Amino acid sequence: MLNIINFATFQELLREAEQRIIDLAKKTIAEKGWFTLALSGGSTPAPLYARLAEADLPWDKIHLFWGDERLVPLDSEWSNYRMIDENLLSKITIPEENIHIPLVDLPPETAAEYYAKEIKQILIPDLKTLDLPTFDCILLGIGPDGHTASLFPDSPALAEKAKLVVAVPHPTTVKPAVPRISFSFPLINSGKRIMFLTTGKEKLKIFDSEVKYPFQMVENADILFTIHK
Ligand code: 6PG
């Protein structure tokens with residue numbers, strides 16, 4: 001079920017998102033010793049990452065992944081890595097091996113394959129099970145066309161059943177028009193806790209519409225929403 005939680009201000013939304021992540025990370029680390037977090041790109045989560053950088057979190061026990069990435073150089077203004085680095089990575093002390101950055105200079109199919117392999121190696125270290133890797137927490141956004149991660153309307157990637165990470169050709173509905181890689185819906189839906197962060201009154205149209213948008217293929221999640229940007 002998708003549960004929309006409405007906030008009066010963006011600051012309140014951020015406070016709640018930050019507290020949820022801190023609580024979940026601490027609880028998960030107390031239970032099993034480590035925590036896996038898939039980060040979303042775009043612009044909305046940037047201030048959340050800046051807040052997390054100030055939080056008291058055991059970063060050596062936290063593994064960070066990217067739910068999607070644009071295949072552009074890491075220093076490009078369009079790079080999700082760059083946004084996450086500026087707001088979070090550059091401000092915290094975290095072992096390099098806990099930061100799982102997608103490889104952006106490979107052909108999309110190969111980049112997707114490599115990233116899926118890395119996810120499996122970290123999340124299912126003995127590789128003896130056929131289970132899907134399960135992230136402790138996945139953060140997502142919603143685009144103006146209803147996409148989430150880099151899963152765009154009408155894309156064949158929406159129907160992916162087997163691959164964990166898909167290669168996505170450049171979108172035509174949003175910028176930047178560059179190829180991307182993205183978690184697939186099977187990988188997203190195996191996540192233990194999924195949280196969307198989204199803002200803006202134009203999203204109300206999407207929430208109320210009869211049309212089924214890609215973000216609605218997420219099965220269970222809280223959508224933290226405010227009309228204010
Ligand atoms: C990406 C994203 C994407 C994003 C939405 C919302 O790389 O483009 O991960 O799915 O979350 O487009 O973006 P905004 O937060 O900028 O509205």
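Which residues in α2 meet M83, I84 and N87 in α3? They are A46, Y49, A50 and A53, where meeting, touching or being in contact means having heavy atoms within 4.5 Å.

## Basis of the report

The model is predicted, so that local features need pLDDT of at least 70 and side-chain atom pairs count only at pLDDT 80 or more, while totals for chains, interfaces and linings use all residues. Residues are numbered from 1 along each chain as its sequence is written, and side-chain values use heavy atoms, with hydrogens and water left out. Helices (H or I, at least four residues) and strands (E, at least two) are DSSP runs, numbered from the N terminus.

## Helix packing around α2

Two packed helices are described by the angle between their axes and the distance between the axes. Axes are lines fitted to C-alpha atoms, for helices over the stretch in contact, and angles run from 0 to 180 degrees between N-to-C directions. For α2 and helix α3 (residues 80-87), the angle is about 40 degrees and the axes are 8 Å apart. Their crossing is right-handed; a crossing has that hand if the near helix is turned clockwise from the far one by less than a right angle, and is left-handed if the turn is anticlockwise. The contact of α2 with α3 has six nonpolar, one polar and no charged residues, on a scheme in which Ala, Val, Leu, Ile, Met, Phe, Trp, Tyr, Cys and Pro count as nonpolar, Asp, Glu, Lys and Arg as charged, and the others, Gly among them, as polar.

Helix α1 (residues 10-32) also packs with α2: the two axes come within 10 Å and cross at roughly 50 degrees. The helices α1 and α2 are therefore oblique to each other, given that angles under 35 degrees count as roughly parallel, over 145 as roughly antiparallel, 65 to 115 as roughly perpendicular and the rest as oblique. The crossing of α1 and α2 is right-handed. On the α2 side, P47, L48, R51 and L52 meet F10, Q11, L14, R15, A17, E18, I21 and I22 of α1, and by class this contact has eight nonpolar, one polar and three charged residues.

## Aromatic pairs

A pair of aromatic rings is described by the distance of the centres and the angle of the planes. Rings of Phe, Tyr and Trp (its six-membered ring) pair if their centres lie within 6.5 Å, and planes under 30 degrees apart count as stacked, over 60 as edge-to-face and the rest as tilted. By this rule there are seven aromatic pairs. One of them joins F65 and F135 in an edge-to-face arrangement, with 5.0 Å from centre to centre and 80 degrees between the planes. This pair links distant parts of the chain, as F65 is in strand β3 and F135 in the loop between α4 (108-123) and β6 (137-140), 70 residues apart.

Both F65 and F135 are buried, where buried means under 20% relative accessible area, exposed over 50%, and partly exposed in between (1.4 Å probe, protein chains only). The rings of F207 and F215 have centres 6.0 Å apart and planes at 70 degrees, so this pair is edge-to-face, and both of these residues are buried as well. F65, Y115, F135 and F183 form one aromatic cluster.

S182 is found in strand β8 (residues 180-183) and is buried, with a relative accessible area of 0%. Beyond residues up to four places away in sequence, S182 touches G67, D68, A149, S150, L151, L164, V165, V166 and V168. In the loop between β7 (165-168) and β8 lies P176, and the peptide bond from K175 to P176 is cis, with omega near -5 degrees.

A149, one of the contacts of S182, is located in the loop between β6 and β7 and has a positive phi of about 45 degrees although it is not a glycine. D154 lies in the loop between β6 and β7, and D154, also not a glycine, has a positive phi of about 65 degrees. A149 counts as buried at 12% relative accessibility, whereas D154 is exposed, with a relative accessible area of 76%.

D60 lies in the loop between α2 (46-54) and β3 (62-66) and counts as partly exposed at 46% relative accessibility. Apart from residues up to four places away in sequence, D60 touches P95 and N98.

K229, in the segment after β10 (221-226), is exposed, with a relative accessible area of 69%. Leaving aside neighbours within four places in sequence, K229 is in contact with F10, T199, G200 and E202.
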